[in-house]
Amino acid sequence: MKKFLIVANWKLNGNITMISSFFEYLKLYFSNYVKKNTIVICPPNVYLERVRQIISNINNIFLGSQNVDLNLKGAFTGETSILMLKDIGVKYIIIGHSERRLFHYETNDLIAKKFNLIKELNLIPILCIGETAEEKKNGQTKKVIEKQLDSIFKNSGQLAFRNTVIAYEPIWAIGTGLSAHPKDVQLIHIFIKEYIKKHDPINIKDIIVQYGGSINQYNSKDFLKQPDIDGLLIGNASLDAKQFFNIINISENMIFS
Ligand code: PEP
C-alpha cells in the first residue's frame, strides 16, 4: 500500500502561543483520521522539545529539523549537531533547502557531507533539490538535478538513497504561489527515480520523492494523484493548522494500493 509522507517546514516562524493552538486543533482530529500516512513537523530548533512533548503520544507524527551542522560537538558557536537532534527524538532532517543554499551559501559538497553523516547516525535526511527559474528557462533542470544527486553518490556510494527522502522543490515555486504543474513534476520524479536506479538496483517503489513548492489545500490532491509523487514538503500552508490538517485529510482519503 502506498503511503504518503507529509512534511511541515515552518521555517523561521511560530511561537509558543502558535504551537499550542496549532496542536490543540490538530489533536482534535488527528487520532481519529490519520491512520496511514506519515506526518513530520519541522519547527525552528528552539521549539523542537516543546513539539516533541506534544506529539509524543500521537501515532504517525514525527519530529524533524530544518537543518543541522556538520560537526558533532565542540567549539562551533550557535550550531546544533545531529547527535543532539537524535538525543531529543528527531527522526528526519531537512538538508539542502534552497534557502540554506542561497542565504547560507551551502554547496552540494557540504550538503552531501551532511547527508552522509545523518545516514551514518541512523536518522533520515530529506534532501531538497531543484532548479532556479533561470535554469528552468535554459532547459537545465535535469542537469542541475543530476549534479545535486551525483554529489550524494560521490560521498555516500551507489546505495546512498536507501532509507532517505528526496524533496523535489523547484526554487521558483517555493513561497511564490506559483506551484509547478503536477504532470511536469511527475515527469521529473520519474527522471529522479530512474537516475537513482542507474546506480542502485533498488525497487523503484522504495525511492521516496516528495514535491514542495506553493502547496495548499486546493492543489494538494492534484499532486498526490500523480503515481510518482510520494508526499509533500509544505512551507506556508503548514503554519495554518486548519489548512495543514485539510491537506493531511486529503492524503488519507487518497491512499491506494
Ligand atoms: C518550502 O519551504 O520548502 C516550501 C515548499 O515552501 P512553500 O510551501 O511556502 O512554497
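**Fold, core and annotated site**

Modeller: For 257 residues, a compact globule would have a radius of gyration near 18 Å, and the protein chain has 17 Å, which agrees. That radius is taken over C-alpha atoms, and the globule rule is 2.2 Å times the number of residues to the power 0.38. The model is predicted: local features need pLDDT of at least 70, side-chain atom pairs count only at pLDDT 80 or more, and totals for chains, interfaces and linings use all residues. Residues are numbered from 1 along each chain as its sequence is written, and side-chain values use heavy atoms, with hydrogens and water left out.

Biologist: How many helices and strands does the protein chain have?

Modeller: Helices (H or I, at least four residues) and strands (E, at least two) are DSSP runs, numbered from the N terminus. The C-alpha trace spans about 45 × 45 × 35 Å along its principal axes. The protein chain has 10 helices and eight strands.

Biologist: What share of the 257 residues is buried?

Modeller: Buried means under 20% relative accessible area, exposed over 50%, and partly exposed in between (1.4 Å probe, protein chains only). Buried residues make up 53%.

Biologist: Which residues have the most contacts inside the largest nonpolar core?

Modeller: A nonpolar core is a set of buried Ala, Val, Leu, Ile, Met, Phe, Trp, Tyr and Cys residues joined through side-chain atoms within 4.5 Å. The largest has 70 residues. Those with the most contacts inside it are F23, I41, L149, F161, I192 and F244.

Biologist: Which residues does a second, separate core include?

Modeller: This second core has 12 residues. It includes V7, Y92, I94 and A167.

Biologist: Where does UniProt place the feature "binding site"?

Modeller: The entry is unreviewed. UniProt positions follow the numbering used here, feature names are shortened, and annotations may be inferred rather than shown by experiment. The record gives N9, W10, K11, G175 and S214.

Biologist: What is the largest C-alpha distance among these residues?

Modeller: They are spread over 206 residues of sequence. Even so, they cluster in space, with a largest C-alpha distance of 13.9 Å.

Biologist: Which of these residues does the lining of the second largest pocket include?

Modeller: On a 1 Å grid over the protein atoms alone, a pocket is an open set of points where a 1.4 Å probe fits, with protein on both sides within 12 Å along at least five of seven lines. Lining residues have an atom within 4 Å of a point. The lining includes N9 and K11.

Biologist: What does K11 touch, not counting residues up to four places away in sequence?

Modeller: K11 lies in the loop between β1 (5–9) and α1 (16–33). Contact means heavy atoms within 4.5 Å. On that basis, K11 touches C42, P44, Q66, H97, E99, I174 and G235.

Biologist: Is G175 buried or exposed?

Modeller: G175 sits in the loop between β6 (165–168) and α8 (182–199). Not counting residues up to four places away in sequence, G175 touches S214 and N236. Its relative accessibility is 54%, so G175 counts as exposed.

Biologist: What distance separates the C-alpha atoms of K35 and I16?

Modeller: K35 lies in the loop between α1 and β2 (38–42), while I16 is in helix α1. The two are 19 residues apart along the chain. Their C-alpha atoms are separated by 27 Å.

Biologist: What distance separates the C-alpha atoms of I16 and V51?

Modeller: Here the gap is 35 residues along the chain. The C-alpha separation is 9.8 Å.
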